[in-house]
Amino acid sequence: MPRGLEHLGIPGPDFITEHLAASDDPEEWINQFQLDNSVLLPSLRPALPLMDLHDIPRRDFHQSLIDVLKEQLKVCLDSACKKDAATLSEALKQGSEDAKESNNKVIQSLVEKNFVLIEFEPLQDILFDALSRLPEIPNGILSKIEKNKALYKHKLCALSVKRQIWQNNQNLFGEEISPLLSEYIKKKDVVMYSVNDQDTFISSVPKIRRQNPVIKKLVDYIGSNIHLYDVILQFLRTLFLKTRNVHYCTLRTELLMKFHDDDKKLITNVDPCYRFTWCMDACLKEKEVDAKRAKEMCNFVHSLKKEQSRVLG
């Protein structure tokens, strides 16, 4: 039996083991336990003896009930999200300062009350789903997920949850992206120095090169989080200054233009190099530099102050 129920005062494996060992009549104790903890709906109880006659395990019966209830809970989560979104929209129209606070309050309440069951496998998908819907997860919960590696690396732990953890822990974010950066640089070196791939490296359309799995994964990691985007740019600047490897500059450019391709204006609008990079990208795509774009790029370069850092972007 999965652990985690004891946190809510519900008998679990430890309770059963302890009381069975101390019982003089284990069979009677089991019958009483089943009676005390069986489904309380009068309409369902008569079905149990019938299933016993057909050798259907009680586990299958209870598992089917859990599945039905979980589906209903997911419907409730969807409904709560839609309701909160409508409430937020209306509050914003009216200029309410409490609009953001009212959003997702039902889901946050669900998570806070039931997070003790996060390691209870039958309910993990519901709790992780609820967490992924919260734009601001309480710091206490984020800290617990971060410290519990099994939860942090769980396949159900969404990127939207990890982003909030990474925002408070840049070192952990660095551990996640470092292998991707290394993979990108190695592949660029292989392509650049491969005679067979020279034409592809030089002549391929920039947008096609941005389909690189590493680029796509980094964009997924960042989402629309400006802070994480800034952190990656800091890493790229530091690595370039340390190694003088121009592939880091290429990665920085391709990353920005991938956000452009995906129309993520929240990121592109705050990047000071966006217009310059966009002009360069357009020139590479069209294989020519027209007067208008040349002038815009020159204006950008001339606008830089001499005292600015040697590495911009």
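Colleague: How much of the protein is buried?

Modeller: This is a predicted model, where local features need pLDDT of at least 70, side-chain atom pairs count only at pLDDT 80 or more, and totals for chains, interfaces and linings use all residues. Residues are numbered from 1 along each chain as its sequence is written, and side-chain values use heavy atoms, with hydrogens and water left out. Buried means under 20% relative accessible area, exposed over 50% and partly exposed in between (1.4 Å probe, protein chains only). Of the 313 residues in the protein, the buried share is 34%.

Colleague: How many helices and strands are there?

Modeller: Both are DSSP runs numbered from the N terminus: helices are H or I with at least four residues, strands are E with at least two. The tally for the protein is 19 helices and 0 strands.

Colleague: Where does α11 bend?

Modeller: Helix α11 covers residues 170–192 and reaches 32 Å from its first C-alpha to its last, close to the 33 Å expected at 1.5 Å a residue; that expected span is 1.5 Å times one less than the number of residues. A bend is the angle between axes fitted to the seven residues ending at a residue and the seven starting there. In α11 the angle is about 35°, with Pro 179 following within four residues, and the bend sits at Ile 177.

Colleague: Is Gln 124 buried or exposed?

Modeller: Gln 124 lies in helix α7, residues 121–132. Contact means heavy atoms within 4.5 Å, and beyond its neighbours within four places in sequence, Gln 124 is in contact with Ile 118, Glu 119, Leu 151, His 154 and Leu 156. Its relative accessibility is 10%, so Gln 124 counts as buried.

Colleague: And Lys 82, buried or exposed?

Modeller: Lys 82 is in helix α4, residues 58–93. Its C-alpha is separated by 9.5 Å from that of Asn 104, 22 residues apart along the chain. With 64% relative accessibility, Lys 82 counts as exposed.

Colleague: Which residues have the most contacts inside the largest nonpolar core?

Modeller: A nonpolar core is a set of buried Ala, Val, Leu, Ile, Met, Phe, Trp, Tyr and Cys residues joined through side-chain atoms within 4.5 Å. The largest one has 54 residues. Leaving aside neighbours within four places in sequence, Ile 145 is in contact with residues including Phe 115, Leu 131 and Val 161. The residues with the most contacts inside that core are Leu 131, Ile 145 and Leu 218.
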